[in-house]
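Please open the model in your viewer and keep the selection panel at hand.

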Amino acid sequence: MASSEDRRADEPRQELVGARMRQFRKERGMTLRDLAAGSGLSIGFLSQVERGISTIGLVALNSVAAALGRGVAEFFDGSPARPPGRDAGRLPEHFTLTRAETAATEYVSGAQTYRMLSARGPHLVLEPLLVHIAPGGRREPAYGHAGEEFAYVLSGELLYEVDGVEHRLRPGDSVHLRSTVPHSMYNDTDQVTTVVSVVTPRLF
């Protein structure tokens, strides 16, 4: 469970994501309207993210990154380490093995911490993640994007909106959808929620 100190420590990283979004947008000579059109997110929401007022989830950030011609990892501090478990000299391209004791790459975006659960493989399309969602924070607007996703709640509760309908997920509950349907998730409790999430296409 993340303490209030942990959440405060994440705030600079949240601001960094917004600052880099603004930097990359200006480098391409794009307006917020251009970025909104390219990412499918609203101008108001993108403006709040750039100013550090709102947080943005990793999947939504992937849409922004694609519109800006950047990789998702470029929005975070430092270059991420090679994802765990991949030994290019020993494992075939269609297979990766990730041991429990291997340190996983993590990304923090606002109230959400994403832990990569597998290494990259050039012919693998799923992105498995362990997601810790801190309570509070601003709720992201629902939106659709290419791909498919699955979420399984390990602990805590999660409010998951799909096509305008809210569903409360508790431990053992899951949701599976085509990502083109507008959706969003939010932790409206006072406890950290932990979710196993699998999305396509890969984010990194």
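Helices (H or I, at least four residues) and strands (E, at least two) are taken here as DSSP runs, numbered from the N terminus. Colour the protein by these elements: the order along the sequence is α-α-α-α-β-β-β-β-β-β-β-β-β, that is, 4 helices and 9 strands.

This is a predicted model, in which local features need pLDDT of at least 70 and side-chain atom pairs count only at pLDDT 80 or more, whereas totals for chains, interfaces and linings use all residues. Residues are numbered from 1 along each chain as its sequence is written, and side-chain values use heavy atoms, with hydrogens and water left out.

Next, display the surface. The accessible area (Shrake-Rupley method, 1.4 Å probe) is about 10300 Å², and carbon and sulfur atoms account for 50% of this surface. Of the 204 residues, 44% are buried, meaning under 20% relative accessible area with a 1.4 Å probe, protein chains only.

Select helix α3, residues 43-50: F45, L46, S47, V49 and E50 are buried there. After α3 comes G52, with a positive phi near 75 degrees.

Finally, centre on F75. Which residues does F75 contact (heavy atoms within 4.5 Å), leaving aside neighbours within four places in sequence? They are L16, V17, R20, M21, F24, L61, V64, A65, L68 and R70.

How values were computed. Contact = heavy atoms within 4.5 Å. Buried < 20%, exposed > 50% of the residue type's maximum accessible area, 1.4 Å probe, protein only.
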